[in-house]
Amino acid sequence: MKGDAMKGDAMKGDAMKGDAMKGDAMKGDVMKGDVRMTVHRDLVLRARVRLLSHNERILDAPEGLWVYRTLFPVSPRVYAYKLAHVLWTAADSPRVAHLPEARRALLEEARAACAHIPAGAPAHQVRMREYVAAALAGLEREQQEGRAGR
């Protein structure tokens, strides 16, 4: 009898732990560096469902932008390369070809995402840092030439 009561108390304790964990998950808070970010759980779920229904390796922009931007704070090491790739591709698109500030912002965000690519990642993922750095250098060169030509 006493053993059953103790078992019941242990089960209650587990249930309370589960409730506490559920409360933390409901908040949707994620640590990113020293900043606590709030992630909307429904958006995360929508983004994950969209990835599951996609047959390619990486979603393209603009859809890929919102999906990977949504999932990146939740799992930075997992989505860093894909976010950086989509941002790098978007910075090279005709939509922003005439907007150097927008291109720079996309590439800077890609550089920040590249910082989260793990050191042991496949070579093509690690090289993304080089691609983004080269694109930023090319953009800087274009702006320098544009200023010199004036």
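## Two aromatic pairs

There are two aromatic pairs in this structure, where a pair means rings of Phe, Tyr or Trp (its six-membered ring) with centres within 6.5 Å. A pair of rings like this is described by how far apart the centres are and by the angle of the planes. Planes under 30 degrees apart count as stacked, over 60 as edge-to-face, and the rest as tilted.

Before we go on: this is a predicted model, in which local features need pLDDT of at least 70 and side-chain atom pairs count only at pLDDT 80 or more, while totals for chains, interfaces and linings use all residues. Residues are numbered from 1 along each chain as its sequence is written, and side-chain values use heavy atoms, leaving out hydrogens and water.

## The tilted pair

Tyrosine 68 and tyrosine 79 make up a tilted pair, 6.3 Å centre to centre with 35 degrees between the planes. Tyrosine 68 sits in helix H3 (residues 63-71) and tyrosine 79 in helix H4 (residues 76-91), so the pair ties together parts 11 residues apart in sequence. Helices here are DSSP runs (H or I, at least four residues), numbered from the N terminus.

Buried means under 20% relative accessible area, exposed over 50%, and partly exposed in between (1.4 Å probe, protein chains only).

## The stacked pair

Tryptophan 88 and tyrosine 131 are stacked, with 5.4 Å centre to centre and 20 degrees between the planes. Tryptophan 88 belongs to helix H4 and tyrosine 131 to helix H7 (residues 128-149), so this pair links parts 43 residues apart in sequence. Tryptophan 88 is partly exposed at 29% relative accessibility, and tyrosine 131 is partly exposed at 33%.

Helix H5 (residues 100-114) has 15 residues and should span 21 Å at 1.5 Å a residue, which agrees with its end C-alpha atoms being 21 Å apart. The expected span is 1.5 Å times one less than the number of residues.

Buried residues in H5 are Arg103, Leu106, Leu107, Ala110, Ala113 and Cys114. Looking down the axis of H5, they fall within an arc of 110 degrees, so they line one face of the helix. That arc is taken from the directions from the helix axis to the C-beta atoms.

## Glutamine 143

Over in helix H7 we find glutamine 143. Setting aside neighbours within four places in sequence, glutamine 143 is in contact (heavy atoms within 4.5 Å) with Pro100 and Arg104. Glutamine 143 and proline 100 are 43 residues apart in sequence, yet 8.1 Å apart in space, C-alpha to C-alpha.

Definitions and conventions:
Helix = DSSP H or I, 4+ residues; strand = E, 2+ residues; numbered from the N terminus.
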